Amino acid sequence: MMPADPTRGRFERALRSGRPVVTCEIGSPDGADPADVRKRAKLVRDYVDAVNVPDNTGGVVHAAPLAACAILVQEGIDPILHMTCRDRNRMALQSDLLGAALLGIRNILCLTGDHMIHGDQPETKPVYDIDSVILLEVANHLTREGKYVSGREIDPPPDLFPGCAAEPFAPPYAYRPLRLKKKVEAGARFVQTQIVFNVERFAEYMGRVHDLGVDKQVPILAGVAPIRSVKAATFMRDEVPGMEVPDALVRRMAQAGDDKKKREAEGIAICVEIFEDLRKIPGIAGFHIMPINWESAVAKISREAHLQPALGSAKTSPDEGKAAVPQEPQPQAPSAPPASVPLNS
């Protein structure tokens, strides 16, 4: 038994609990009403340990995830802020990292970011001053050294908990485990993968990740999503980079027909089957649900897949942090590595 550390965030404590962790992504709002964020969060909060908010996914603009995450903090939910290098240079990224800490946000999913050529404003100029590997190093540098990259002091320094994404389905497949290892060496303290539809390829990926010892260094949460229609399945298969939807799943959705209840039930059934298959793969510390603006499905998915958040609910209770948390052997969220910010690499 290891006493819980009340200074750590709820998500980090969940990862350290030894129990399977569940996180969930909510859609970014396309409006100025905070109630929209609260409504989405209310649909998922009882089924997860932390809630992700994406950063202009697919190169399509939405409300800033920093604002949405601040609302989640107000609601007692530990948020995971997506931060991409696509739209910000190194100065803006450091500024936003510190700004997140000021707002009580410490979980940062460091991403290079989808190119806007895939979005609805393809003429937009990307930044890509640094990539996600360097962003991980920057986040750890700010936390451990208490200094900006320039060397100027930060007082007090932020207590960030940075993580990364994994792309098992983006060729070249043999390179992807090595890329993940590089991110972990740069200071990723948790991993959330792309949506798994091809379980066989994901098992091969995790086997290589295990051979490299990465699953022993950092908790890996497998991405899972319900398919809502054959149109959605076809779009993800044909249009989304790094996504692999087997034709067999597309055919199942087509056979479900046009009736909304039947096709959504089939989509959830496929999702639950994938959870069952993923539980057989060694090295997975939990699951990351991406309902793709279908937050109302999370409750049904959780019940049918028998999912339980490690700490009970995403909402922080007044007594949280006072009780001991069982500690069992599992990949631990590692301490941040020695600060090294080779921004020119």
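A contact here means heavy atoms within 4.5 Å. In this predicted model, 81% of the contacts between residues at least 6 apart in sequence join residues at least 24 apart. The protein is built from 12 helices and 10 strands. Of its 345 residues, 53% are buried.

The aromatic side chains come next. A pair of aromatic rings is described by two quantities, the distance of the centres and the angle of the planes. Searching the whole structure gives 6 aromatic pairs. One of them joins F275 and F287: the ring centres are 5.0 Å apart and the planes stand at 80°, and since an angle over 60 degrees counts as edge-to-face, the pair is assigned to that class. F275 belongs to helix α11 (residues 260-278), whereas F287 belongs to strand β9 (residues 286-289), so the pair ties together parts that are 12 residues apart in sequence.

Burial of these two residues is judged by relative accessibility, with buried meaning under 20%. F275 has a relative accessibility of 0% and therefore counts as buried. F287, at 6%, counts as buried too.

Ring pairs also link F11, F161 and F190 into a cluster. A further arrangement involves a charge and a ring: the charged end of R201 sits over the ring of Y173, at 3.9 Å from the ring centre.

Key. Residues are numbered from 1 along each chain as its sequence is written. This is a predicted model: local features need pLDDT of at least 70, side-chain atom pairs count only at pLDDT 80 or more; totals for chains, interfaces and linings use all residues. Side-chain values use heavy atoms; hydrogens and water are left out. Rings of Phe, Tyr and Trp (its six-membered ring) pair if their centres lie within 6.5 Å; planes under 30 degrees apart count as stacked, over 60 as edge-to-face and the rest as tilted. Helices (H or I, at least four residues) and strands (E, at least two) are DSSP runs, numbered from the N terminus. Buried means under 20% relative accessible area, exposed over 50%, partly exposed in between (1.4 Å probe, protein chains only). A charge sits over a ring if NZ of Lys or CZ of Arg is within 6 Å of the ring centre and within 35 degrees of the ring normal.
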